[in-house]
Amino acid sequence: MEDQKRLARSQEKVSSTIEQSPYLSRDLSWLAFNERVLDQVRNPQRTLFDRLKFLAITASNLDEFFSIRLGSLYNYLDYKKERIDYSGLREWPFRQTLLTMSQQFYEERNRIFREELLPLFPENELRLASWSDLTEGEAAAAIGHFDRTIFPMLTPMVYDQTHTFPSLIPRTLTFAVVTKNPYVTKKDQAEKKLSFIQIPQNLPRFFVIDRVEEVVFLPMEEIVRHEIHKLYRNIEILNVSLLRIIRNGDFSVDDIDDVEDDIVDEIRQKVKNRRLGRVVKVAVEPNCSEWVINILKKKWEIDDLNIFYADQLIDFTSMWQVIRHPEFRDELPKSPSPVPALGLPRGPIDDIFSVIRERDIFLHHPYNNFEAVLQLLEQAAEDPNVLSIKLTVYRVAKNSRVTAALLKAAENGKNVAVLFEVKARFDEENNIREAERLQKAGCFVIYGIGRFKTHTKLLLIVRAEGDGVKRYAHLSSGNYNEDTAKLYTDVGLLTANEVYTSDVAEFFNVITGHSLPSSYQNLITAPGDMRNNLIELIRAEAANAKEGKPSGICLKINSLEDRETIDELYLASQAGVPIKLIVRGICCLRPGREGLSENITVRSIVGDFLEHTRLFYFHNEGEPKIYGGSADLMVRSFDKRIESLFLLVNPKVQQQAVQLLEYNMKDNVNAYTLKEDGTYAKCPRKADEEVFNIHEKFFEVTEASLPEAQLF
């Protein structure tokens with residue numbers, strides 16, 4: 001009884017500390033974001049397959065959260081370093097809070113799958129099978145598959161006095177098997193042995209059986225479980241249970257000791273070490289032996305909060321195989337075909353350079369096809385008048401047309417310089433591989449800039465025209481990745497404006513050479529002055545509000561975490577500036593608090609496309625300053641990354657950006673509102689209000705609709 005009272009007092013203290021903080025926790029805010037993704041799984045208006053897609057996304061998100069965010073916290077816990085979260089909590093209470101909320105999320109997600117999705121499987125002609133669901137012929141086929149393909153790949157790894165505890169691979173399905181020699185008469189615990197069998201990651205997650213009336217998905221672990229006795233001849237099996245671990249995968253650029261060393265080898269070693277990091281989460285089946293659980297907790301220095309019990313599937317990322325099965329891949333909702341950007345013709349453009357020379361082109365993906373950027377690169381690679389191509393790369397597609405164009409350009413004798421960021425998290429190996437291909441082809445490749453991540457998205461093409469040269473640029477918020485350009489919303493600018501191209505050329509000289517820029521006219525860059533420049537813009541709005549002049553700030557970003565910027569937004573709110581924030585994911589600003597942030601609203605858009613656009617709007621007495629670019633309002637963006645924001649100067653382009661922001665404020669299908677207490681609520685739609693879904697409306701944008709858009 002006394003323990004329960006003590007626990008209740010502790011929980012009250014934690015809740016009070018979180019509530020009193022003027023800031024919201026980055027990690028708790030991230031969990032709230034994944035809850036909004038889970039809300040898409042709840043939505044009965046979506047098809048089953050669409051809901052399964054979002055279910056798989058929540059699983060991938062949660063894996064990354066444990067690997068990186070909880071992993072980062074354990075870097076403090078394990079090395080006894082002090083850390084106070086934005087919520088005001090110290091390391092251990094914060095760990096308990098994070099894991100408790102993660103447990104609640106995990107249980108709710110399991111419930112949704114069990115109670116809301118599984119019952120829909122039969123009417124959609126699919127079945128998630130157990131062994132008992134199979135016919136005699138199907139069981140024979142599964143056993144044959146095991147004997148031919150799976151059995152030769154399996155390796156039991158015993159743990160006892162003579163065998164060390166195995167290094168289990170993270171995110172891999174692993175059987176914990178408790179066995180006993182039946183010929184030994186002793187009955188104490190010491191006679192039991194524990195061994196592990198990992199299911200190879202190159203096996204599909206399901207054994208698929210096509211029936212006339214349905215498609216059957218039998219989890220691969222069910223086959224292994226049924227046949228596991230073949231790996232333990234003449235041994236009694238006491239318990240077989242599945243588990244899956246997540247390890248600490250957080251390493252920062254600051255961990256790289258000597259930037260003069262070979263950074264590629266250093267990154268490769270860091271990626272390898274990620275596979276051996278400390279265990280931060282264990283998902284297990286409910287039938288797992290308590291004896292096994294105790295061994296795992298002791299060996300990995302974890303407790304009950306790190307143990308997550310799965311009642312159906314232990315890894316929902318497996319739903320991608322269901323969704324992508326040929327029978328069902330057309331069941332996902334189709335988006336309309338992309339429309340040409342305003343100012344671009346429909347279809348292939350014979351000479352994209354002549355089009356860009358005439359006007360700045362504002363691109364809004366995926367509503368506008370990424371093809372224009374790819375055509376620019378591919379035409380530049382083949383054009384005999386193009387002299388050089390410079391590009392920053394953060395993440396590329398697996399079979400990248402961007403890389404192919406650069407290889408072709410190098411083959412055609414053009415000067416190609418690529419700043420290839422090999423520290424892009426979880427894409428390190430693919431980026432290193434692609435960068436080495438370019439280097440072997442004769443491209444000048446820069447593998448990042450020391451301890452900074454290159455996150456900016458810039459392209460510069462130099463072309464001989466007349467008696468001199470003409471420069472063309474593409475500035476963007478999104479990666480040069482044709483795959484994600486179909487799924488992420490991003491903005492870009494194609495331009496031949498000499499102010500832009502001069503700024504971009506200067507920027508490339510800085511990051512590829514040893515130069516300090518004097519100043520930029522249309523760029524704000526980090527590290528350096530980005531935080532200060534944005535704070536000056538916020539303060540200018542606050543000064544106008546105090547003088548009774550019109551004012552307003554509207555920002556659309558992925559994440560808001562930088563405390564200095566948040567404090568300035570609080571001060572601007574107190575000065576009377578109306579502030580509209582559209583923050584897709586993490587938001588550490590607490591809106592609507594009396595005396596602090598009454599004039600700030602925060603909404604989040606979560607729907608069919610992942611919102612990746614960054615736009616920064618400042619009223620500026622009716623002469624708005626609007627920036628697009630690669631940076632979020634985060635400490636890492638300002639201090640640890642090479643970033644750029646570009647000023648939109650063309651009036652038509654400005655109005656397109658205003659319309660983009662206004663539509664985001666009008667959405668009543670995908671929008672959530674952040675409340676003062678840190679929770680989110682779905683934005684309600686009034687009974688007589690027209691449905692406004694930006695993921696549909698942006699396909700319908702015309703030049704005639706532009707003048708109508710306004711924010712303040």
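**Helix packing and overall form**

I start with α5 and α6, whose axes lie 10 Å apart and which pack at an angle of about 90 degrees. An angle between 65 and 115 degrees counts as roughly perpendicular, so that is the relation of α5 to α6. Please keep in mind that this is a predicted model.

Which residues make the contact between α5 and α6? From α5 they are Ala142, Ile143, His145, Phe146 and Ile150, and from α6 they are Met220, Ile223, Val224, His226 and Glu227. Sorted by class, the contact of α5 with α6 has 7 nonpolar residues, 2 polar and 1 charged.

The buried residues of α6 are Met220, Glu221, Glu222, Ile223, Val224 and Glu227. What do they pack against? Their partners are α5 (136–150) and the strands β3 (174–180), β5 (206–210), β6 (215–219) and β7 (236–247).

Helix α2, residues 26–42, and helix α4, residues 91–117, have axes that come within 11 Å and cross at roughly 5 degrees. Angles under 35 degrees count as roughly parallel, which means α2 is roughly parallel to α4. On the α2 side, the contact is made by Asp27, Leu28, Leu31, Asn34, Glu35, Leu38, Val41 and Arg42. On the α4 side, it is made by Phe94, Thr97, Leu98, Met101, Ser102, Phe105, Glu108, Arg109, Ile112, Glu116 and Leu117. The contact of α2 with α4 divides into 10 nonpolar, 3 polar and 6 charged residues. As a general point, an α-helix has 3.6 residues a turn, so residues three or four places apart point the same way.

Last, the whole chain. The protein contains 19 helices and 27 strands. Its C-alpha atoms fill a box of roughly 90 × 65 × 60 Å along the principal axes. For 712 residues, a compact globule would have a radius of gyration near 27 Å, and the 28 Å of the protein agrees with that. Of the 712 residues, 57% count as buried. The protein exposes about 31000 Å², with carbon and sulfur atoms supplying 48% of that area. Among contacts between residues at least 6 apart in sequence, 75% join residues at least 24 apart.

That is the end of the talk.

Terms used. Residues numbered from 1 in each chain as written. Predicted model: local features only at pLDDT ≥ 70, side-chain atom pairs only at ≥ 80, totals over all residues. Heavy atoms only, no water. Axes fitted to C-alpha atoms, helices over the stretch in contact; angles between N-to-C directions. Helix = DSSP H or I, 4+ residues; strand = E, 2+ residues; numbered from the N terminus. Parallel < 35°, antiparallel > 145°, perpendicular 65-115°, else oblique. Contact = heavy atoms within 4.5 Å. Nonpolar A, V, L, I, M, F, W, Y, C, P; charged D, E, K, R; others polar. Rg over C-alpha atoms; globule rule 2.2 N^0.38 Å. Buried < 20%, exposed > 50% of the residue type's maximum accessible area, 1.4 Å probe, protein only. Areas by Shrake-Rupley, 256 points an atom, 1.4 Å probe, with all protein chains shown as cover.
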